[in-house]
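Colleague: I have just opened this one and could use a guided tour. Could you walk me through it?
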Amino acid sequence: MSAVDDNATGPHPVDRHVGLHIRMRRKALGISQEKLAEALGLTFQQVQKYERGANRVSASKLWEIARALKTNVAYFYEGLEEETETVGRGFMGANAQEFLLTPEGLELAATFPRVRRPGLRRKVLDLVRAMAEMEAEERAETAGLS
C-alpha cells in the first residue's frame, strides 16, 4: 500500500487505539500535552498527532511514553483484540474512538459512570439521542433532503 493510499483511508486503527490510550492515560494522571511533550523531548503538536493516531509511535518512543505515564507498554494495546472482534460484528468502533478523542467525549466517558441512578442515566441517554436526531434533521433540511 502506498503512502497516498494510507492518507486516503486515515490513521490505521491500531495507531488510533494506541493514541487513544495515550490520551486517556495522560488525562487520568492530569498531565497536559505540554508536560508530556517536555518529558519526551517533543513538541506538544507531536503528542497531539500521536494521540489522534495521525503519526505512528515508534517502539522506543512508546517505551518512553509508558515510563512518563507510569504504566507498561501493554496498557496501550489493551482491548485491541476485543475491539477488532466487536467492530467485525458492526459495533461503532471508529465512531467511539473518534468520540473519545474529543475533550467532551473523554470528559463525558469519565463522568457518566458517576451517575448511579439507572433512570437518570437513561434520561441522559434519551436527551443525547434526541439532540442527535434533531441535529440530523436540521442537516437534512439544510441539504434540501426533507
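Colleague: To start simply, what percentage of the residues of the protein count as buried?

Modeller: Keeping in mind that this is a predicted model, 23% of the 146 residues count as buried.

Colleague: And how many helices and strands are there?

Modeller: The protein has nine helices and zero strands, so reading along the sequence gives the pattern α-α-α-α-α-α-α-α-α.

Colleague: What share of the contacts between residues at least 6 apart in sequence join residues at least 24 apart?

Modeller: That share is 60%.

Colleague: Let's go to the nonpolar core, then. Which residues of the largest one touch the most other members?

Modeller: The largest nonpolar core has 13 residues, and those touching the most other members are Val18, Ile22, Leu36, Leu62, Ile65, Leu69 and Phe76. As for where the core comes from, α2, α3, α4 and α5 each supply at least two of its residues.

Colleague: What does leucine 69 touch?

Modeller: Leaving aside residues up to four places away in sequence, leucine 69 touches Ile22, Arg25, Arg26, Leu29, Ile31, Leu36 and Phe76.

Colleague: Switching to α3, which of its residues are buried?

Modeller: Helix α3 runs over residues 33-40, and Gln33, Leu36, Ala37 and Leu40 are buried there. These four lie on the same side of α3, because the arc they cover around the axis is only 100°. On the other side of α3, Lys35, Glu38 and Ala39 are exposed.

Colleague: Why would residues three or four places apart point the same way?

Modeller: An α-helix has 3.6 residues a turn, so residues with that spacing point the same way.

Colleague: Okay, and what covers the buried residues of α3?

Modeller: The cover includes α2 (13-28), α4 and α5 (59-68). After α3 comes glycine 41, whose phi is positive, near 75°.

Colleague: Which side chain does the side chain of glutamate 51 make a polar contact with?

Modeller: The partner is the side chain of arginine 26, at 2.5 Å. Not counting residues up to four places away in sequence, glutamate 51 touches Gly19, Leu20, Ile22, Arg23, Arg26, Gln33 and Leu101.

How values were computed
Residues numbered from 1 in each chain as written. Predicted model: local features only at pLDDT ≥ 70, side-chain atom pairs only at ≥ 80, totals over all residues. Heavy atoms only, no water. Polar contact = N/O pair within 3.5 Å; in protein donor to acceptor, adjacent residues only side chain to side chain. Contact = heavy atoms within 4.5 Å. Buried < 20%, exposed > 50% of the residue type's maximum accessible area, 1.4 Å probe, protein only. Arc of directions from axis to C-beta. Core = buried A, V, L, I, M, F, W, Y, C linked by side-chain atoms within 4.5 Å.
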